Amino acid sequence: MKKKMLAALLAATMVAGLTACGSSETGGKSGGDLKVDTSEHVKITYMTTGGKPTNGATEEMLAELNKILTEKVNAELEIYYIDWTDYLSVYNLTLAQMDGTVDLVGTASDWLDAWPNAKNGAFLELSEDMLKTYAPKTWESVSPEHWELCKYNGEIYLMPEDNYAQWTNHGFAYRLDWAKEAGLADGVKSWEDLTTYFRYVKETYPDVIPWDSDGTQYGQMVGGWVTSHSNYVAIDGLNAGAMWGGTKDDLYTVYSPYVTDTDSLVEFAKMMKEWDEIGVWKTDVLNNTASDNREDYKIGRVAAEQHHTQTWTDLCSHKAGYTIYDDDPDAETGFFYFGEETGNVVALSITHGAMAVSAASKNPERALMVYDLLRNDPDCYKLINYGIKGKQWDTDESGMRIQPASYNKDTDSITTNYWWGRNDDLEIKDATMNWDAIDKMYAEYDKIKIDYPYGQFVPEVDNIQAKINNISEIHTNYMKQIAFGKYQGTAEEIVAEYQNALKAAGIDEVTAELQKQFDALYK
Amino acid sequence: MSRGTKAAALKPQTRKMTFWQKVYKYRVLLLMCLPAILFFLAFSYAPMPGIYVAFVKYNYRDGIFGSKFVGLRNFEFLFTSGKLLELTRNTILYNLAFIILGNVLAIFVAILLNEIRCKWFKKVSQTMMFLPYFISQVLVGVLVYNLLNYDYGFVNSILVNLGLERWGPYSDASVWPVLLVIIHLWQQTGYNSVVYFAAIMGIDAEIIEAARVDGANGWQKIRYIILPGLKPTFVILLLFALGGIVKGNFGLFYNVVGKNPLLYPTTDIIETYVYRACMTDFNFATASAVGLYQSVIGFCTVMVCNFIVKKIDPDYSLF
């Protein structure tokens, strides 16, 4: 009998491949006595998304920066990179280690799971005393209302990038000169215009793929369609599809347009089928992993790029290596933003970029001091953002930022991806950017935008997480087929099937639960 | 070892030895087992308490045992998705096809290799079959895509040049069970056949010699000597493989099929579904719950199969 038990245990071992690791290390640190003690030299590691640079220029810049940091706060900075491949998983996993690998963590409430990580205990609560003592300039520069938006359960977890103008609402960047050739005198102003544009490009420029999508933009496309055809304002951070929200007229009544706006979705499905038939993307778009659409756009192999305004500001500028502008002096890049038809544009949440301190950090005080310098000290700021003056950047007569003649992209470029505390007070405008077009666009946005209304809403999803997971999965599976016109049967059938699946997965219950939490917060 | 066995042989056993006496007596054998024992202790038994993570709402700072107990809530998502049956069915059917076809083909290849008399040809063919085993699944995915894609794929270029219709497997779910099995066999057969080839080498040469003297032809030799000789190996490998019957080959499916929902009806297995549903919000607890579900089913499968094998022929059972 004993033998049998042993054998059974052995068999269990063979099949048990459980991944159960993780330490129960507690990194809880309270504010402590708030004295500035910099007697010991420490290393502060800052974690960011992005590929690790290999040309050595970043290290050179850091050496310069560390001279200043050592002098001022007796600390040095190191950068920990999370490569873009599966970045969200690696990012969360690195935070879950909780072994003090990282001190400062670049994060975001809408694209980097800031709130789930705060809830999971990965971030340190930043008490007011701590902020006042160790990051006084940051504390002063952020308004009390903005600090409110960085709180969860009454504790501050994030230091927001709230003084930096940028727009990350999505849309399509396209060749304005080609759109004009296609008969769209003002450029693309609607989804229907896009159809005309793509059809024209396909017929006139057979070597150009209108848009070499890799099949991942389904969520942006249908989200953009909904924005363009309603007053929908989505709640960030619930799921990747941003499937719940209110309307501009009635912000605090939660609904999901994916359930209610059936006719609109059917129309979307039909138009995407048309795009697929035109040949806007490759036939096997859903398995296309080899495309590099943005780079291809710069050299004229494709005719559109679906991404946000910030990316467009780059694409519309005549920078080195952007050969479309060299080859064709008439080339221009326009931007059709989602919501253009209905004037539905929501400004960026201030926690689209923010810095947090890891709960496992051994030197949270010093980390805050370093961040305060990076964000507010002009010398540190320029080093971490632009590099060494005279090497990576310089100023022209008008005080704008230019690249020195000696600058070589391969050997001199730095990667710090410091998107968590940029500061317009210290920014130097980039002379290579097409500011005429960009300022015009920003002015247009400023006229119609509304501020992100749900900044203070941190949903409690424990009870509905299972449903949300399943809903996200359904959304992904159906929207990939719908948004790339790959569905079988009619548009009406596939939308009905999609909505039935959503209902079966409990989308109505999730909406009701969110409404309950909204009522508790806003009423 | 020699001293121990000698002593045992000299003094006939009159009373039963205690556990520790046995440990002492077989100490050298145990020492030889030690690396394996340590391996299982460290990587299979030590993490077992961590299964508990499947029943808590995991929080980094409180750790596995400090987090809040939530009972079976982590399993809920698996059952409410309504996909569990389809996923389990796909996983099991694919694994059955892999196990059965894989073993049969491996035995077939091993016998062929055994019959080849030309030494260099035997070596070369064995090596060539072995090589695909070392190709990373990521590369396999790229290879398959470049062979099969609609616009620029190798197969379609040939079809078009022959004046035939293009073939679009990436929008046709029905062809993937066949394709995936072929890809799997291409990768694994060389490796698996080595095991069987070794087993054939282990068959007593005298039996084969005697059969030849008795006038058995080549076919009879295979049918009555080699195949029965391979039976124990086959049964053991089968039982081992059955333990993993609800664990899918994630690398193969994820890289070859990718995230193309058109193909999910026939290609979605538990692993790929869980990856998509849980990786985006990084939920350790749910993922562990799924792991536990798979392990429990695997454990039951092994126990049941072993029981059946034992009923038929106790010599072939694992325990």
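**A chat about chains A and B**

Guide: Let's start just after helix H5 of chain B, where B:Gly82 takes a positive phi of about 75°. Keep in mind that this is a predicted model.

Visitor: Okay, and which residues of H5 in chain B are buried?

Guide: Helix H5 of chain B covers residues 73–80, and its buried residues are B:Asn74, B:Phe75, B:Phe77 and B:Leu78. Looking down the axis of H5(B), you find these buried residues within an arc of 145°, so they line one face of the helix.

Visitor: Why would residues three or four places apart point the same way?

Guide: An α-helix has 3.6 residues a turn, so residues at that spacing point the same way.

Visitor: Where are A:Asp113 and A:Asn153?

Guide: Both are in loops of chain A. A:Asp113 is between strand E3 (104–107) and helix H4 (114–119), while A:Asn153 is between strand E4 (151–152) and strand E5 (155–156). A:Asp113 is buried, at 16% relative accessible area, whereas A:Asn153 is exposed, at 67%.

Visitor: New topic: how many salt bridges are there over all chains?

Guide: A search of the whole structure finds 25. One of them joins the side chains of A:Glu161 and A:Arg422, at 3.0 Å from N to O. That pair links distant parts of the chain, 261 residues apart: A:Glu161 is in the loop between strands E6 and E7, and A:Arg422 is in the loop between helices H18 and H19.

Visitor: Are those two residues buried or exposed?

Guide: Both count as buried, which means under 20% relative accessible area. A:Glu161 is at 6% and A:Arg422 at 10%.

Visitor: What does A:Lys189 pair with?

Guide: A:Lys189 forms a salt bridge with A:Glu340, with the closest N and O atoms 3.1 Å apart. This pair also links distant parts of chain A, 151 residues apart. A:Lys189 counts as partly exposed at 39%, but A:Glu340 is buried at 13%.

Visitor: And A:Lys282, which residue does its side chain meet?

Guide: A:Asp212, in a salt bridge of 3.5 Å from N to O. A:Lys282 is in the loop between H12 and H13, A:Asp212 is in the loop between H9 and H10, and they are 70 residues apart. Both residues are buried. Elsewhere, A:Arg175, A:Asp177 and A:Asp328 are joined into one network by salt bridges that share partners.

Visitor: Which residues gather in a patch of negative charge on the surface?

Guide: In chain A, they are A:Glu192, A:Asp263, A:Glu267 and A:Glu341. A:Glu192 lies in helix H9 (residues 191–204) and is partly exposed, at 40%.

Visitor: What's in the nonpolar patch on chain B?

Guide: Its residues include B:Tyr26, B:Met32, B:Ile37 and B:Leu41, and the whole patch has about 890 Å² of accessible area. B:Ile37 belongs to helix H3 (residues 27–45) and is partly exposed, with a relative accessible area of 37%.

Terms used
Residues are numbered from 1 along each chain as its sequence is written. Chains are lettered from A and ligands numbered from 1 in the order in which they are written. This is a predicted model: local features need pLDDT of at least 70, side-chain atom pairs count only at pLDDT 80 or more; totals for chains, interfaces and linings use all residues. Side-chain values use heavy atoms; hydrogens and water are left out. Patches are made of residues with over 30% relative accessible area and no salt bridge: like charges are joined within 9 Å, nonpolar side chains (Val, Leu, Ile, Met, Phe, Trp, Tyr) within 5 Å. Accessible areas come from the Shrake-Rupley method with a 1.4 Å probe; for residues, only the protein chains shown count as cover. A salt bridge is a side-chain nitrogen of Lys or Arg within 4 Å of a carboxyl oxygen of Asp or Glu. Helices (H or I, at least four residues) and strands (E, at least two) are DSSP runs, numbered from the N terminus. Buried means under 20% relative accessible area, exposed over 50%, partly exposed in between (1.4 Å probe, protein chains only). Lys and Arg count as positive and Asp and Glu as negative; His and the chain ends are not counted. The place of a charge is taken as NZ of Lys, CZ of Arg, CG of Asp or CD of Glu. The arc is that of the directions from the helix axis to the C-beta atoms.
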